[in-house]
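Hi everyone, thanks for coming. Let me put the sequence and the structure up, and then we'll walk through them together.

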Amino acid sequence: MSCVETIQAYALRSIGIGERLLPRSDFTLCEQFTLIGSGLLWNIYFGVLALCFGFFMAITVAMAKAAPNRWVRKPAEWFIFIFRGSPLFIQFFLAYETFVMLPKLGFDLNLGFTEITVETRWLTRAWAGALIVLFLNTAAYAGEIFYGALRTIPKGDMEAADAYGFSGWTKFRKITFPTMLRLAWPSYTNEAIFLFHATTLVYFSGFPAWQQRGDALYYASYFADKTFNPFIPYPILAGYFILLTLCVIGIFGLVNTRLNRHLPQERRQKLRVRPQVIR
Amino acid sequence: MAFYASFGTVMLLLAVTAPAALLFGFGGAVAARSHFAPLRWFGKGYTAVVRGVPDIAFFLFFVIALDQAFEWLRHQVKCPDWDMPVRQGSDFVVCAAAKLPLSSSPQWVHEVYGFAIAVLTFAIVFGAFAANVLYGAMRAVPRAQTETAEAYGLSRRQTFWRILVPQMWVYALPGLSNLWMILIKATPLLFLLGVEDIVYWARELGGSKTQVYSYPHPDWRLYYFLALLVFYLALTRVSEVVLTRLTNRLSRGQATVAGEAQRRAA
């Protein structure tokens, strides 16, 4: 099989399009590059969706944690503590077992006038179940980051807002929120990188890779198992992830310049990337 | 019983890995500061590569890579007159005397070997993070301190060991405590390295039937994992409290804001 044919057969293998059988012997470099790259689609899927949904949840959590009312504050504090204090790996296992325990075929929800059958089976699939875990996890981590930023907003800014007669929603939207986002952005970039790295855990926890549609690390370890040679698939994976990280840094850097556009050049916050890999 | 012992495994791993990673980190930081260029490149490259790639990929990679590296070295030493290539297609073949652990050795040797490889892997990965923290901490020690040492006529080596190293810890502590938290949360990954740790036993004991036994109870894995979750939450919480105390203790008498605040309060 030539390389072009390999790409045609396996480029979308991870989402179920193309050849069904994975190559079994005589692995070429091209096959490894294509399959690991196709697995990367899942990493991007998990990362992007969890970040998008998690962003809003994180802001809510941060606001709740900063709230003066303790009935609002305590749940947010516990949420952050539980998701930041325990390993993601255990969270995946726990979530998977919970979803499996839910009745297999769905249960009937009686709404009085009509009955709805709630299908719960899809939760045990990685695309939904793992996404929920990652979403909650990133919401907790980012919530803590935003909470920290919320507390470091300069006092003068808020006083100025009061002096100009801002209050309530307008004050939040025009002053608090943009400043918080600006202060939190460098750490949030790290969190994003970190989340993309964490997506590799999905298929190594409880969630099974259905029909061998796995993520990049799943295929890389498949090759390493079959060839007993770790020196080819893992560096390929590493290369892909470095590219992905560079993309994330690029995109977040653009947002960062936009958030800081009103500041004089020398006071702008530089994006310092210090990824911490494990959560 | 083995389930409870596996908590010990996790604690042992933490206890062994933390100093080992610190040692690797110290080496890496010293290498990155070196005046000898290749050594400096090595130190910087080490931290840069490990930090840019998902850790789990490293865990999977190093376990096989280290194992093969050891076997290959022993192969070179013990069987010099072996004429076949080591890699035959998709097999990795070394002579029987070079197998590690020897196929004739008892079960516990295999287990200890697996654990040792896991510790080494953890130390390599976390050493890179520690190297980064320590490198930053060494640069954070005020320049005036080392200048004073030079003025007193201390040599480079003396300045390093007597001035820089004792003072850097307070700067390194926030980073190191963060790293400790991350290390705690990385321990369940032991399961992937093939060590029979708590995740393994939670899966085995919780399931209603395994390869070996069939338990009378239904699927209890959920409760086992819940217990693990609580265990880890307690562990992180306790370390958080201890580390805060340690930071306070170390800040005493240091030329930092925290140290100054303590002096005023006293």
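First, the ground rules. This is a predicted model, where local features need pLDDT of at least 70, side-chain atom pairs count only at pLDDT 80 or more, and totals for chains, interfaces and linings use all residues. Residues are numbered from 1 along each chain as its sequence is written, chains are lettered from A and ligands numbered from 1 in the order in which they are written, and side-chain values use heavy atoms, with hydrogens and water left out.

Okay, chain A. It has nine helices and two strands, meaning DSSP runs numbered from the N terminus: H or I of at least four residues for helices, E of at least two for strands. Along the sequence the order goes α-α-α-α-β-β-α-α-α-α-α. Of its 279 residues, 49% count as buried; buried is under 20% relative accessible area, exposed is over 50%, and partly exposed is in between, with a 1.4 Å probe and protein chains only.

Now, how many residues meet at the interface? On chain B there are 40, in contact with 41 of chain A, where contact means heavy atoms within 4.5 Å. The buried area is about 3700 Å², with 76% of that from carbon and sulfur atoms; that's the accessible area (1.4 Å probe) the two parts lose on being put together, summed over both. In chain B, B:K185, B:L222 and B:L233 lose the most area to chain A, together 16% of what that side buries.

And salt bridges across there? The rule finds zero, looking for a side-chain nitrogen of Lys or Arg within 4 Å of a carboxyl oxygen of Asp or Glu.

Let's zoom in on B:T121, which sits in helix α4 of chain B. Is B:T121 buried or exposed? Buried, because its relative accessibility is 0%. Leaving out residues up to four places away in sequence, B:T121 touches B:F58, B:F59, B:F62, B:V63 and B:L66.

Last stop, cysteines. A disulfide is a covalent bond between the sulfur atoms of two cysteines. Searching the whole structure for cysteine sulfur pairs within 2.5 Å turns up zero disulfides over all chains. A:C52 counts as partly exposed because its relative accessibility is 41%, and A:C247 is partly exposed too, at 47%.

That's my tour, so over to you for questions.
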